[in-house]
Amino acid sequence: MKLGWFAAVAVALLVSGTAVADANKQTKGKFDDKFRQLEVDLPTPNTYRTASGAPGESYWQQQADYTINATLDEVKKRITATGTITYRNNSPHALNYIWLQLDQNTFKEDSVSRRTARAVSPPMAAVSDSVSMASLRQLQAYKETPLGFEIQSVTDGGSRALRYTINDTMMRIDLPQPLAPKATANIKLAWAFNIVDYNLFGGRAGYEQFIDSDTYTFFQAQWIPRLAAYTDYTGWQHKQFLGQGEFTLEFGNYDVSITAPADHIVPATGVLQNPNEVLSAEQRSRLAQARREFDKPMYIVTPEEALANEKEGTTATKTWRWKASNVRDFAWASSRKFIWDAMNVKQPEGGDVLAQSFFPNEGDPLWSLYSTRAVAHTIDVYSEFSFPYPYPNAISVNTWLGGGMEYPMISFNGYRPVKDEKTGKKTYTRQAKNGLVGVVIHEVGHNYFPMIVNSDERQWTWMDEGLNSFLEFMAELRWDENFPVMGGNSNSLDEIGSYMMSEDQVPIMTNSESVIKFGSNAYDKPAAALTVLRETVMGRELFDFAFKEYARRWKFKRPTPSDFFRTMEDASGTDLDWFWRGWFYTTDHVDIALNGVREYRLSTKNPEVEAPLRRERQDATRPEPVTVTENREKGLQTYVQKHPDAKDFYDANDEFVVNNKDLNDYATFQEGLKEPDKSAFARALRENPYIYFVDFENKGGLVSPLPLKFTFDDGATKEIMIPAEIWRVDNVKVTKMFVETKKVVSIELDSKHQTADAVRSNNAFPQRNEPSRLDVFRAGARGEARNQMAEALTELRAKKAEPDSPAAPITPAPQ
Amino acid sequence: MSKQGGSITRRLAILAGCALAVAPPALAHRSQTVLTTVMWNPAVSMLEVTHRVHNADAEAWLSQQGQGGGAAAMDITVVRNQAQMMLYVEAHFGLNDGGAKIALEPLGAEIEGEALLLYQQCKLVAPPKALAIDNRILRDVFDGQTNLVNVRLAQRTRTLIFSGSDGVKKAEGLL
């Protein structure tokens, strides 16, 4: 399958949807109204979701409470569990059946996810086939260990078996009688599954083996058969888990008991109920002390204690009991390797939060220094943009080398120092530090979106990843002003243009499973869009109020895209339909060209004044022909110079001489001027302004505000912002007039790089040559560095030719 | 997301109808990515290639080279280490212009923020209309490595993605 086809389908569906819904059609010409209202394309407001973007008076959502007893078998790498789900039907509908999500089933051999895995990633076709070693290892591992949920029993509250049907990653349970509105159903389940080896299968949970020490960390998520969401906008959530679109979940209360090896430390979603049974007196004392630490974290389990602990091992077990209120999921980790540190975060509004990190010695010294501090910083900044963090704990667990994954109160995060293979010494660089700080902010930040503002991840990735990436960037720049938030750059708007110019992309409002270039589409582009919205389109005061209003309206509720779009408009008093349409529903990019500038002065109409000026302008624009100059310099005389008697009136007066007709016309003009034009003209003559006509062209398709910087001949500068609405009746070309008291020597569009303009070479008058990155490098003061590089390359080439990757042993099969 | 291992790429082999790549699902935070930009510079008739490698990924790669030397051996700001990375990139990235390999020469490298930028170039008479591209950078290091190549030789920008078992791919209609 080619990407072009794939992308085209997504766009075509979008366009056709628009055409059906929108009565407006441009049936003559090609005008595309980029400001046409979005209301015709958004869902009709109703009593569940209002036209203002707020929850309606009849808003409802279901509730699913869980009581679970689970056991981790460390040797067999297996979870066995029993649980009771108490499901309250808050909808106005009677339900004949309920659906559960069995996300572990995505690892089953016959899952839709595995059967539809592509050999070649889109876009564009491969010209050669290949197999990676990782794929081979994974395919072999699939055969060795059965994966996915093993559902052992499904019964009602009275232990009567219930009929159920499994459809890939979902399970329908048929109820003996319909579950009436406001009624509650109890479902008892027993299940087990083999934990996936993260190094082989990837995913969002599993276990990690540390080969050198033969030790493990376990990190469990998607481990419960969870209630699928039943909503006012889609009924039962019915999109299977294919690996990319994450989760659509219900809020509920959890009471979870986890039995693990007795020397394990078990962090989890929620509040520990039995610290006296699972923690030592020393650990409990340190924990109490950590609750009084607000400046820096302190150890509950020290690195030395963790290192000693991981070398021992035990066959005894302990049971950790956790309770969590009003969460949409439950995750946990378990290992005898964990170092544990914590510090308290005092919120201006809301209760204290214990920021904590759990990590193996392999994560130090990096993790001791920065993980828990980054957790605390996240709560500070995100709460400022939204609402106080409502849970008592916020946890970061080191579970892998890179990346991260979010759950309520707990997140699994990567980045570790590197170890020199010869010296064994661990060290980390600024880049690794930034990586850790960034991933912790991102994953802990997900507590706000989508763990509390509970958007539907399976359908719209951008609603949590995009909003969260935006806040992540804000928090990172509050950590360090030079923090490289995107692609090594502290300004995301300088980076997003290369993605947005590509033909191989889909609109943000594409279903999660159909998104190509996932990170750019669902994380970076919406984050850049919100940055433009805040810093350039709306301004901070309007944006921050509206964004906070959205967060608070939908806290512990389930918003959809239209709820976000509508709230941002409703709370700011700003029509942003053009912005949502362009940034979220199309693949246009920002490229505004400043095509031309024409300078004028006001004409007095007085021929005595204007004629000399016209002569001056002509002289300035028409230099004397070289022939004439050369003739003169060689002493050649013209005919009339040699024959003065041949001169007449025309030789004494050029075409600009003022005649009586000119004077009469001027008198007529003055007599014809009536008030108020007469006074206005007189005042304008006194002020004698410079008048500029500036031409702009929208080459990228996305309409944009025009931030302009004028530089005057005295060196002074002036900045103005032209709102995007200037494009409303012609979104391709527009001319704007500026009246200035001083002569303008240059005009620059988007001088602060605040619009995501992807092509900067057409942003200035006079036009500036924008050198390529390599031009800059070639011309830069880096000659010494280049020489050093050349010398190093010569030395390394001589030392050892770089071998190619291991040969690929696939060959055409015999016919 | 990350571990050691070898990747395989077979030269123009044909294997019909079999889904070989089972890429790990993406995490909620982005996985390792190298962003490569291929551009045409008409002023100097040069095909210009920029690879943007996350410094932490480059350093993880360096740490696996077993050179010893402590932190300095893994510090990607050290020019010698950048040169080593350049040699690796030369062996794991290639352009082919309708049958002929484009001989990219290394221009240099520099750090920009959190990324290592590696520059290659090749003098050509005219920009190619199509390119066959092989990109295996760091895919033998990180299983989840996903590389993006943006090709912009004239007005159009085309993007290729390399992940899983992807081999050589072709970008057409570039001019």
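Helices here are DSSP runs of H or I with at least four residues, strands are runs of E with at least two, and both are numbered from the N terminus. This is a predicted model, where local features need pLDDT of at least 70 and side-chain atom pairs count only at pLDDT 80 or more, while totals for chains, interfaces and linings use all residues. Residues are numbered from 1 along each chain as its sequence is written, chains are lettered from A and ligands numbered from 1 in the order in which they are written, and side-chain values use heavy atoms, without hydrogens and water.

Helix 13 of chain A spans residues 518–538 and helix 16 of chain A spans 577–585; they pack at about 155°, with axes 10 Å apart. That angle makes the pair roughly antiparallel (over 145 degrees; under 35 is roughly parallel, 65 to 115 roughly perpendicular and the rest oblique). Axes are lines fitted to C-alpha atoms over the stretch in contact, and angles run from 0 to 180 degrees between N-to-C directions.

From helix 13 of chain A come K525(A), P526(A), A528(A), A529(A), V532(A), L533(A) and V537(A), which meet W578(A), F579(A), W580(A), W583(A) and F584(A) of helix 16 of chain A. Contact means heavy atoms within 4.5 Å. By class, this contact has 11 nonpolar, no polar and 1 charged residues (Ala, Val, Leu, Ile, Met, Phe, Trp, Tyr, Cys and Pro are nonpolar, Asp, Glu, Lys and Arg charged, the others, including Gly, polar).

## Two buried residues

Let's turn to single residues. A376(A) sits in helix 8 (residues 366–385) of chain A and counts as buried because its relative accessibility is 8% (buried is under 20%, exposed over 50%, partly exposed in between, with a 1.4 Å probe and protein chains only). Beyond residues up to four places away in sequence, A376(A) touches M343(A), V345(A) and A355(A).

T217(A), in strand 9 (residues 215–220) of chain A, is buried at 0% relative accessible area.

## A loop aspartate

D730(A) belongs to the loop between strand 28 (717–722) and strand 29 (733–740) of chain A, and is partly exposed at 33%. Its side chain reaches the backbone nitrogen of V732(A) at 2.9 Å and that of K733(A) at 3.2 Å. D730(A) and D33(A) are 697 residues apart in sequence, with C-alpha atoms 8.3 Å apart.

Note on methods. Polar contact = N/O pair within 3.5 Å; in protein donor to acceptor, adjacent residues only side chain to side chain.
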